[in-house]
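Subject: Structure for your review

Dear colleague,

Please find the structure below, followed by an account of what was found in it. I would be grateful if you would read the two side by side.

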Amino acid sequence: MIYPGFHLFNHSGFSRYLEIVGKVQTPVYVYDSSVIIHQHKNLEKLIQSLRKNIQIRYAIKANSNQAILKLICEQGSGVEVVSGGELLKAIKAGISPKEIIFSGIGKTDEEITLAIQNEIEQLSVESLEELHVVKKIASTLQKPISIALRLNPNIEGKTHKKITTGTDKNKFGIPLGQLMEAISIAHSSSYLNFLGISVHIGSQIQDINAYRQVFGQLKTLVSSLSFEGYPVKRLDLGGGFYVPYTLSGSPQFDLQSYGQAFSEELGNLNCGFVIEPGRYFVAESGLLLTKILYIKRTPSRIFVIVDAGMNDMMRTALYDIEHPIVLCSDKKNDTEQMIVDVVGPVCESSDFFASQISLPKNLKAGDILAITHTGAYGSSLSSTYNSRPLIPEVMIDKGVIYLVRECITPEHLLTFETFKKLT
């Protein structure tokens, strides 16, 4: 049985996932490359229709597996990183530094140095304090760096409070009242190449009007900066496109309305543009396959206890957001249903994946469940809490199954623990 929520997947049924489970231990992440390519093509079509110089830079914090980075690169896009580690992963994946944007509010001296030495495309600066550090390091190295100044537009993205990034209560970006000072500092050094303005107001944004407000503010800003003698070469518009965490796959993010807002507010500008999708490319490409260990019945609940834990996929614990869960079976599911909680083995009450959902009554230990829409912020947020392993990752590409990350076992992790006197 193919669930309607798998409308993007190119596969022959759950037998493929059961085949993977037969080859790789559970829990395991599985990605379908065709979904990522499909989403990328959708965005490319929009860009082509807008007839502007718009570059795609995939936000790799969503999922930084090397196989996915290489796949994105093959589609013609660069990446956006937020740490020195992500920068090194991107370069190792074969992505040119000239197609890498480095964002983030807390870059260390070492990370800034790494970015400058690798001559990356753009360093997005998020405060006056950081700008002074970048200026000093670039001067010391006597190497130029292209920068964009991230504006905090104080615009509400109308999304979950933990993924809102564009208001004056958030830690991100430079307030509008400090922007001219920042531009003046940027132009005071021959080692700082001022590209323009960057902005990002959050993730999982459905409200096109929020984007329209940002675009309108940027349009006014570009005009005033040009009048002051500070031409803007580039506007980095960020990402945050909504992804539906439902089996029906709808409503999808309204790309056409986004494009219309872009055209109406920014279409007359002659600068270049960047967009930074992350979740949009990879969320629906992923499943977390997990085995049922026990079905525990109490007077008030039925608990389906699985071998995946909150350390493997913590979005439910972190955001109180539940992903659709289905039984991996190609048989017609006409059995009676029961109401259950799907929980993990970690010693926390927050270690659950779904509360009071409907699953087949004939579930048994050993059955495989698929936690869907886990391609973004699944593996990338995972940890080894409770001394549990970092689980393997698999990709299905053109019908072929590839292991793209080995299981990182507790035995392996123990090799990094030591008792050395520091002298």
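In which helix is the place of His40? His40 sits in helix H2, which spans residues 33–50; helices are DSSP runs of H or I with at least four residues, strands are DSSP runs of E with at least two, and both are numbered from the N terminus. Before going further, please note that this is a predicted model, in which local features need pLDDT of at least 70, side-chain atom pairs count only at pLDDT 80 or more, and totals for chains, interfaces and linings use all residues. Residues are numbered from 1 along each chain as its sequence is written, and side-chain values use heavy atoms, with hydrogens and water left out.

His40 has a relative accessibility of 1% and therefore counts as buried. The classes are buried for under 20% relative accessible area, exposed for over 50%, and partly exposed in between, with a 1.4 Å probe and protein chains only. Neighbours within four places in sequence aside, His40 is in contact (heavy atoms within 4.5 Å) with Ile56, Gln75, Ser77 and Phe281. From His40 to Ile60, 20 residues away in sequence, the C-alpha to C-alpha separation is 14 Å.

The overall fold

The protein chain contains twelve helices and 18 strands. Its radius of gyration is 23 Å, close to the 22 Å that the globule rule gives for 423 residues, so the chain is as compact as a globular protein of that length. The radius is taken over C-alpha atoms, and the rule is 2.2 Å times the number of residues to the power 0.38. Along the principal axes, the C-alpha atoms fill a box of roughly 70 × 60 × 40 Å. Of the 423 residues, 54% are buried. Among contacts with a separation of 6 or more, 70% are between residues 24 or more positions apart.

In helix H1 (residues 15–23), the residues Arg16, Tyr17 and Ile20 are buried. Viewed down the axis of H1, its buried residues fall within an arc of 95°, so they line one face of the helix; the arc is that of the directions from the helix axis to the C-beta atoms. The cover over the buried residues of H1 includes strands E1 (28–32), E11 (286–297), E17 (393–397) and E18 (400–405).

Helix H7 (residues 179–186) has Leu179, Ala182, Ile183, Ile185 and Ala186 as its buried residues. Down the axis of H7 these fall within an arc of 160°, so they too line one face of the helix. They pack against helix H6 (128–141), strand E6 (145–152), strand E7 (174–175), strand E8 (192–198) and helix H8 (208–227).

Glu130 belongs to H6 and is buried, at a relative accessible area of 6%. Apart from neighbours within four places in sequence, Glu130 is in contact with Gly104, Lys107, Ser124 and Val125.

Lys291 lies in strand E11 and is partly exposed, with a relative accessible area of 32%. Beyond its neighbours within four places in sequence, Lys291 is in contact with Thr26, Ile305, Val306, Asp307, Gly366, Asp367 and Ile368.

Thr26 is joined to Pro27 by a cis peptide bond, with omega about -5°. Pro27 is in the loop between H1 and E1.

Asn386 has a positive phi of about 65°; it lies in the loop between strand E16 (368–372) and E17 and is partly exposed at 35% relative accessibility. Lys398, in the loop between E17 and E18, has a positive phi near 55° and is exposed, with a relative accessible area of 75%.

The largest pocket

The largest pocket has a volume of about 770 Å³. Of its 32 lining residues, the closest to the centre are Lys61, Thr165, Phe172, His200 and Tyr377. A pocket here is an open set of points on a 1 Å grid over the protein atoms alone where a 1.4 Å probe fits, with protein on both sides within 12 Å along at least five of seven lines; lining residues have an atom within 4 Å of a point. Grid points are joined across faces, edges and corners, and the volume is the space filled by probe spheres set on the points. The lining comprises twelve nonpolar, twelve polar and eight charged residues, where Ala, Val, Leu, Ile, Met, Phe, Trp, Tyr, Cys and Pro count as nonpolar, Asp, Glu, Lys and Arg as charged, and the others, Gly among them, as polar.

Yours sincerely
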